[in-house]
Amino acid sequence: MQAPSVGGVMLPRGNGETIRLSRGASLTDFAEKINANPASLVAVMMNLGEMVTATQSVSDETLLLLAGEMNYTVQIVSPEEEDRELLESFDLEFGEDEGSEEDLVVRPPVVTVMGHVDHGKTRLLDAIRKTNVIAGEAGGITQHIGAYQVATQVNGDDRAITFIDTPGHEAFTAMRARGAKSTDIAILVVAANDGVMPQTVEALNHAKAAEVPIVVAVNKIDVEGADPTKVRGQLTEYGLVAEEYGGDTMFVDISAKQGLHIDSLLEAVILTADAALDLRANPNQDAQGISIESRLDRGRGAVATVLVQRGTLRVGDTMVVGDAYGRVRAMLDDNGNNVAEAGPSTPVQVLGLTNVPGAGDNFIVVEEDRTARQIAEKRAARERNAAFAKRTRRVSLEDLDKVLKAGEVQQLNLIIKGDASGSVEALESSLLQLDVGEEVDIRVLHRGVGAVTESDIDLAMGSDAIVIGFNVRAAGRAAQMAEREGVDVRYYSVIYQAIEEIEAALKGMLKPEFEEVELGTAEIREVFKSSKLGNIAGVLIRSGEVRRNTKARLIRDGKVVAENLTIEGLRRFKDDVTEIREGFEGGINLGNFNDIKVDDVIATYEMREKPRV
Ligand code: GDP
């Protein structure tokens, strides 16, 4: 078969066969799969109008374009799929309990509290924790580790419930977006004096999309004007019908402030779990679960809170969490006590990891340290590739035209570094939700826990990104490097401040909008005819001032009769002037426009840039 060519370059040519490439692959990866010379693929891309080096990661579009050109079918493998295959290659699987039915035992439900801002989520999480600290722990210093477990009695049985204590659905959504399922039941908090609000609806939609049953906590019943019945009515419209009205959603009236009916709420959670879910796990296997939040501690290194989902995690186990790994040196529960093991649905802080995993990363215990390291390294490499792939400009032939018509879609690239994965994820999801119109896109190229490093600045340079440091600073030479290369690094310690500033920056990127501002009006008292200039209006300035060279319109009997005129000449007595103020008389020449009459009004205006609000 004769090799076809593009612009004189010989193309390797396929027969439509399918090749699999991971997201962020390079031309070298591609060439390897089809036994071609990477340089020939570089040449093909050049002919297609894109400059790409052989080892650089390229976008999905580029891979597809190239494959199409050479008659291959490309299948781009998603990160989730790839991760599954990675674990498989070590004979591991995440997400399924080992053994058979008999190996499964009941585990506590894991609960997330959601609802509109100020409806009492934080207060409720505090109240639950205070009233139901597991017996014997009272007096201990409770720590915020991202989750805690409480005990309650239902029908005479001791039951436990695990709460994720970052309130709000941001964390929930961020985790779900990464395919992590952390929550079994959602408590939807609705303030009885405020009723259903926008974020109430948002939260319940998230819970529904994740197919998570909802228990409604009607809060603030101690407040005057509280109307729990109204809340029930409102929620009916969203498909949450209270049991007492024949539906299957449990509503509990509470006061987080006064600690009223907290036990009934916990009971409702257990009853809902028992009725709607089959929460069981095998405690006798290597532990698996997900990370909830983590941070870098000066003395202790990476400190990660993980939720065990199946199996039992023990001190001394070797685990891999996202791209972090290590042997568990110590474990602490939510009361700060050292524990030796943690079973299903138990949250624990783990010490001993090499670095800080992200919220929602899954963890898996493996036999050998070497396996853990290899998995972590492969994942880290993939992350890096994906980050670099994102930064490459998507300029394919189809796009070229669009890109050249510059400024149609603008994009703000961000790199977010922070002290804890929870805050990084929360900041990211809030930023992605910023609504600044369709012309501007926000893209987070990279996120992570820890200081701003030289590699962050590197990435920012290559992609015109802004670096955000949340409660962290630039490390080592990163600060000088940023300064030298003109990379914008911004530091924040309050999330809303970061959001406000980014929002303002985005508004600055939008094209300016103009509005008309009236400058002055002039009433025509007399019309003079000039052989050289045409008709001249003898006027009295009624308001503001009239300036030469500004825009004007002519108004007759209250109606605009001519638009887009210009004050071409302006005179006071015999002198040319640049402006005449209210109360003074003068002469106006509107250039070629001569259709003026006594009593007409000349109104002048200018276009000013409108500040965005
Ligand atoms: P969040 O934004 O949903 O986390 O709301 P918070 O828990 O921060 O509560 C918002 C405000 O409502 C705080 O001032 C709380 O003290 C108050 N609050 C929360 N629950 C109750 C309650 O049951 N009764 C009353 N009166 N106030 C409450």
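A polar contact is a pair of N or O atoms within 3.5 Å; within protein, one must be able to donate a hydrogen and the other to accept it, and residues adjacent in sequence count only if both atoms are side-chain atoms. The model on view is predicted, so local features need pLDDT of at least 70 and side-chain atom pairs pLDDT 80 or more, while totals for chains, interfaces and linings use all residues. Residues are numbered from 1 along each chain as its sequence is written, and side-chain values use heavy atoms, leaving out hydrogens and water.

Select the ligand and aspartate 222: a nitrogen atom of the ligand is 2.7 Å from an N or O atom in the side chain of aspartate 222. Next, select alanine 256, where a polar backbone atom is 2.9 Å from an oxygen atom of the ligand. The protein buries 75% of the 580 Å² that the ligand exposes when taken alone (accessible areas by the Shrake-Rupley method with a 1.4 Å probe; for residues, only the protein chains shown count as cover).

**The strands**

Move to strand 30, residues 569-572, which pairs with strand 33, residues 585-589, in the antiparallel sense over 3 bridges. Helices (H or I, at least four residues) and strands (E, at least two) are DSSP runs, numbered from the N terminus; pairing requires at least two bridges found by DSSP. Select leucine 570 to find its bridge partner in strand 33, isoleucine 588.

Finally, select phenylalanine 573, which has a positive phi of about 50° in the turn of the hairpin formed by strand 30 and strand 31.
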